[in-house]
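Subject: The model we talked about

Hi there,

Here is the structure I promised to pass on. Have a look at it first, and then read on for my notes.

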Amino acid sequence: MRIQSGRLHLGMAWKESISLKSYNTFGIDVSAAHLGEAQDMDQLAALIAEVPDRKQLLVLGGGSNVLLTQDVDRWVLLNRLGGIEQVREDKEHVWIKAGAGIVWHDLVLYAIEKGYGGIENLSLIPGNVGAAPMQNIGAYGVELKDVFEELEAWHIFDQELHTFGGADCKFGYRESVFKRNLKNQYIITSITLKLTKKPVFNVSYGAIESELKAQKVTETTLQDVSKAVIAIRQSKLPDPAQIGNSGSFFKNPVIPQKQFNRLKEQYSSMPGYVLSEGLVKIAAGWLIEQAGWKGYRSGDFGVHDRQALVLVNHGGAKGSDILDLSTKIMIDILEKFDIQLEREVNIY
Ligand code: EPU
């Protein structure tokens with residue numbers, strides 16, 4: 001055991017047969033064959049070096065975007081790399097570097113407290129900093145890529161640190177290169193964001209505007225926007241500390257404009273956001289609600305009653321129950337609307 005920065009560490013050893021219940025926000029009780037925790041880069045490298053087959057490594061941050069359907073017969077590494085520091089500044093901007101193990105919302109609070117704008121719309125998103133670029137987190141009109149400068153990631157096989165700029169990350173809607181070509185090859189260790197000293201508020205998302213009005217805000221501040229986002233999220237999305245969930249379970253699907261027009265004739269209230277090239281993004285939550293699944297419950301698993309895009313564990317659900325439910329919903333949506341939903345959550 002060693003003491004570092006006042007914290008007591010249990011050491012860098014892998015532990016065997018550990019429950020993962022408290023390490024995934026769905027609260028699924030499966031066990032990991034091996035569990036290790038890295039608080040700094042030395043521990044990270046040392047733990048990885050001990051893994052006989054590095055393809056068997058599974059990295060968990062906040063565990064907020066995974067559904068565990070069975071015991072994990074792998075080496076599960078908890079990324080707890082810390083630290084928030086200002087690495088650069090000019091007249092208008094600051095560059096903030098944060099360790100991958102920092103809780104995302106703590107980074108948001110840090111920025112707000114310092115008066116730096118850019119991530120206030122991303123308040124209260126569950127998960128850790130390292131997961132943010134993996135799926136290019138987004139909410140209320142802002143995505144991580146809008147403030148992203150670069151990240152550092154540890155190559156699992158070469159045991160080397162590499163730097164990735166925005167273009168290298170190939171960000172898309174809930175997408176990055178780390179979910180595709182470079183899947184399971186890197187561990188994100190830190191990210192650097194470019195924030196602004198003179199915040200430009202992005203409150204065009206309808207719900208934020210009305211929430212600010214409800215709060216009788218006249219001169220908007222970063223705190224106001226954050227508070228509004230938190231109020232909206234809390235009114236719709238279940239708190240994982242109370243009801244197990246991992247936020248949106250599905251992505252919002254994109255369909256051809258022609259198909260959207262046809263559906264719109266039948267369902268005039270169907271929301272759709274026109275993208276470029278005749279494509280329209282549809283609200284999966286709306287489709288699932290229309291199909292009658294909102295608030296569905298069977299035993300301890302179901303669909304949230306205020307946001308149909310969120311599948312929930314009321315207590316003792318198994319991951320496979322939730323996976324089966326998601327398959328049923330996908331089949332139903334395909335039959336009813338001829339739209340193929342895609343899961344956003346990673347399944348293990
Ligand atoms: N809607 C319904 N029924 C529902 C849910 C939504 O009719 O049960 C309708 C709403 O009335 C609205 C539209 O669908 O017209 C969009 O709903 P909302 O604004 O709640 O956003 P969303 O598209 O359902 C996305 C993100 C969320 C993010 C919000 C706000 C995805 C997969 N989800 O949800 O992200 O917080 O927008 O920007 O893109 C997450 O990724 O985990 C997440 C929560």
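A polar contact here is a pair of N or O atoms within 3.5 Å; within protein, one must be able to donate a hydrogen and the other to accept it, and residues adjacent in sequence count only if both atoms are side-chain atoms. Please keep in mind that this is a predicted model, in which local features need pLDDT of at least 70 and side-chain atom pairs count only at pLDDT 80 or more, while totals for chains, interfaces and linings use all residues. Residues are numbered from 1 along each chain as its sequence is written, and side-chain values use heavy atoms, with hydrogens and water left out.

Let me start with the ligand. There are 23 residues around it, and Tyr140, Tyr173, Tyr205, Glu289 and Ala308 come nearest (a residue is near if one of its heavy atoms lies within 4 Å of the molecule). For Arg174, a polar side-chain atom is 2.9 Å from an oxygen atom of the ligand. The side chain of Lys236 has an N or O atom 3.0 Å from a ligand oxygen, and for Lys294 the corresponding distance is 3.3 Å.

Next, the overall layout. The protein is divided into domain 1 (1-236) and domain 2 (244-347), with bounds that come from an automatic or database domain assignment. Their centres, taken over C-alpha atoms, are 25 Å apart. In terms of contact (heavy atoms within 4.5 Å), 20 residues of domain 1 touch 25 residues of domain 2.

What about the nonpolar cores? A core is a set of buried Ala, Val, Leu, Ile, Met, Phe, Trp, Tyr and Cys residues joined through side-chain atoms within 4.5 Å, where buried means under 20% relative accessible area, exposed over 50%, and partly exposed in between (1.4 Å probe, protein chains only). The largest core has 44 residues, and Leu287, Ile288, Ile322, Ile329, Ile333 and Leu341 have the most contacts inside it. Helix H9 (residues 319-337) gives the most to this core, with six residues; helices (H or I, at least four residues) and strands (E, at least two) are DSSP runs, numbered from the N terminus. Both domain 1 (1-236) and domain 2 (244-347) give residues to this core, so it lies between them. A second, separate core of 43 residues includes Ile96, Ala111, Tyr140 and Ala153. Leaving aside neighbours within four places in sequence, Leu287 is in contact with Pro253, Met270, Ile282, Ile333, Phe337, Ile339 and Leu341.

In H1 (residues 41-49), the buried residues are Gln43, Leu44, Ala45, Leu47 and Ile48. Asp40 caps the N-terminal end of H1, with a side-chain oxygen 3.1 Å from the backbone nitrogen of Asp42. Helix H6 (residues 222-236) holds Ser226, which counts as buried at 4% relative accessibility. Beyond its neighbours within four places in sequence, Ser226 is in contact with Ile112, Glu120 and Ser123.

Finally, which backbone angles are worth a look? Asn136 has a positive phi near 45° although it is not a glycine; its place is in the loop between helix H3 (131-134) and strand E10 (138-139), and Asn136 is buried, with a relative accessible area of 0%. Glu277, also not a glycine, has a positive phi of about 50°. Glu277 sits in the loop between strand E17 (272-274) and strand E18 (279-282), and counts as exposed at 72% relative accessibility.
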